[in-house]
Amino acid sequence: MPEAKIKFADAFRGDSHLVIAKPAVIVDIDPDQILLSYKTATATFMFRGYPNEGGYLGKVVSEPFHAPSRRVAEASARTAIQWLLSNLSSQLDLPLIIGSD
């Protein structure tokens, strides 16, 4: 996003190959979100992953954390979630393309 332009993620819809909820889940569980965490020497990041209508991971939202500026916060969160999703993609052998609006 351009500097000083804020868009809320509530209306965004995403898609992936990562099954996290029904109807895509075929076992008897029905989570409404997944939790992902990433820890560095100086910070811990928590993310909540939400399913889309098909039950696949569609959106990831960061829990609040302290940063000296918005630019640093965005870069820190992006690095953390890219590492987490890349690791998941590698371990589960899922294709993954990270995009944002």
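I began with the rings: Tyr38, Phe45, Phe47, Phe65 and Trp83 make up one aromatic cluster. I am working from a predicted model, where local features need pLDDT of at least 70, side-chain atom pairs count only at pLDDT 80 or more, and totals for chains, interfaces and linings use all residues. Residues are numbered from 1 along each chain as its sequence is written, and side-chain values use heavy atoms, with hydrogens and water left out.

How many aromatic pairs does the whole structure hold? My search found four. I count rings of Phe, Tyr and Trp (its six-membered ring) as a pair if their centres lie within 6.5 Å; planes under 30 degrees apart are stacked, over 60 edge-to-face, and the rest tilted.

Why is the pair of Tyr38 and Phe45 tilted? I found its ring centres 6.3 Å apart and the planes at 40 degrees, so tilted is the word. Next I looked at Phe45 and Phe47, which are stacked because their planes are at 15 degrees, with centres 6.5 Å apart.

Are these residues buried or exposed? I noted Tyr38 as buried at 18% relative accessible area, Phe45 as buried at 6% and Phe47 as buried at 3%. Here buried means under 20% relative accessible area, exposed over 50%, and partly exposed in between (1.4 Å probe, protein chains only). Over the protein chain, 23% of the 101 residues count as buried.

Last, I checked the fold: the elements run β-β-β-α from the N terminus, with three strands (E, at least two residues) and one helix (H or I, at least four), taken as DSSP runs numbered from the N terminus.
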